[in-house]
Amino acid sequence: MVNVVVIGSIAFDSIKTPFGSVKKALGGSGVYASIASSFFARTGLVGVIGKDFKQEYLEFLKSKKIDLKGVVKNNEEKTFFWSGEYKFDLNTAITHKTELNAFQNFKPILPEDYKKVDYLFLGNISPKLQLSVLNQMVKKPKLVIADTMNYYIQQNPELVKKVINKVDIGLMNDSEARMLFKTNNLITAGKKILELNSDLAIIKKGEHGAIFLTKKSFFSAPGYPLENVIDPTGAGDCFAGAMLGYLASKNTKSIKEIKKAIIYGSTIASFNAEGFSINNLKKITKKQIQKRFKEFKKISEF
Ligand code: AMP
């Protein structure tokens with residue numbers, strides 16, 4: 001029985017940063033988020049892979065106890081492919097290529113037991129698919145977080161807003177929030193998320209942390225003072241996956257625990273940025289996670 005369901009892309013990523021490059025490495029919003037969530041809770045992944053997907057990647061996800069019965073294989077098409085680059089400003093990815101491939105005609109179908117899950121993450125997929133997943137739920141989940149990205153905001157901003165309207169936490173990064181709400185001010189953007197009937201708004205600010213707004217409160221989480229950022233790909237997905245996994249493990253959505261979840265999210269995202277693709281996520285231990293969580297606490301106390 002899974003406690004968290006993650007839906008998102010399963011990808012091959014070719015990434016270039018000032019510190020090196022990788023070709024066709026395992027990536028995708030669903031992959032990053034489910035691995036991050038799996039440190040805290042039993043997680044199921046929903047997505048599509050293509051005919052060229054490697055069995056060893058599936059074995060790795062299984063080794064993290066990620067349930068894969070929601071992953072379907074399209075034997076006609078290749079796996080979704082994204083190539084991107086980060087210049088010295090590691091906060092902004094420059095997309096070179098997005099090949100939807102198997103993702104193009106993907107219609108997510110939730111396994112029966114996933115339809116009653118309490119913690120749901122709608123990762124980066126088209127807002128139309130995010131809504132179709134929500135419509136399949138037979139019981140209202142306790143907490144749904146929806147992420148988005150510039151690709152979908154440019155295509156259909158109104159549909160992205162419709163998704164935010166239907167979930168508990170609308171999550172996006174700073175440049176996406178500015179783009180969606182046509183404002184340069186992140187507090188204004190956060191308030192606009194709340195106006196869309198989303199109870200809680202979180203805006204990620206890359207290496208500078210995240211802000212969390214409710215109608216009554218404001219919280220600012222610091223970024224971890226990392227010196228060796230190698231590849232920030234997947235940071236947002238790790239952040240969301242770890243947050244949801246932690247909240248599922250505590251079975252709560254109290255404001256106090258959401259603040260802690262944000263710090264766990266930042267912790268996993270910071271480890272992930274210290275290596276290419278999922279390389280660092282493969283290595284980290286629960287002990288290391290706890291240690292960095294405590295360091296976060298220290299740097300934000302005064
Ligand atoms: P993040 O760095 O958290 O924004 O997410 C990076 C991941 O998003 C990469 O692993 C990509 O494979 C994936 N990605 C890039 N473009 C898209 C897209 N249009 N739809 C879904 N996933 C995408």
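**View 1. Contacts that reach across the chain.** Take the contacts in the chain with a separation of 6 or more: 65% of them are between residues 24 or more positions apart. Keep in mind that this is a predicted model. As you trace the chain, you'll come across 11 helices and 13 strands.

**View 2. The overall size of the fold.** How does the radius of gyration of the chain fit with a compact globule? For 302 residues, a compact globule would come out near 19 Å, and the chain has 17 Å, which agrees. If you draw a box along the principal axes, the C-alpha atoms fill roughly 55 × 45 × 40 Å.

View 3. Of the 302 residues in the chain, 57% are buried.

**View 4. Charged side chains.** Count up the charges and you get 46 positive side chains and 28 negative ones. Where do the two sets sit relative to each other? Their centres lie 4 Å apart.

**View 5. A closer look at Lys-215.** This lysine is in the loop between β12 (210-213) and β13 (218-221). Is Lys-215 buried or exposed? Lys-215 has a relative accessible area of 64%, and exposed means over 50%, so Lys-215 counts as exposed. Now look for Pro-127, which is 88 residues away from Lys-215 along the chain.

How values were computed
Residues are numbered from 1 along each chain as its sequence is written. This is a predicted model: local features need pLDDT of at least 70, side-chain atom pairs count only at pLDDT 80 or more; totals for chains, interfaces and linings use all residues. Side-chain values use heavy atoms; hydrogens and water are left out. Helices (H or I, at least four residues) and strands (E, at least two) are DSSP runs, numbered from the N terminus. The radius of gyration is taken over C-alpha atoms; the globule rule is 2.2 Å times the number of residues to the power 0.38. Buried means under 20% relative accessible area, exposed over 50%, partly exposed in between (1.4 Å probe, protein chains only). Contact means heavy atoms within 4.5 Å. Lys and Arg count as positive and Asp and Glu as negative; His and the chain ends are not counted. The place of a charge is taken as NZ of Lys, CZ of Arg, CG of Asp or CD of Glu.
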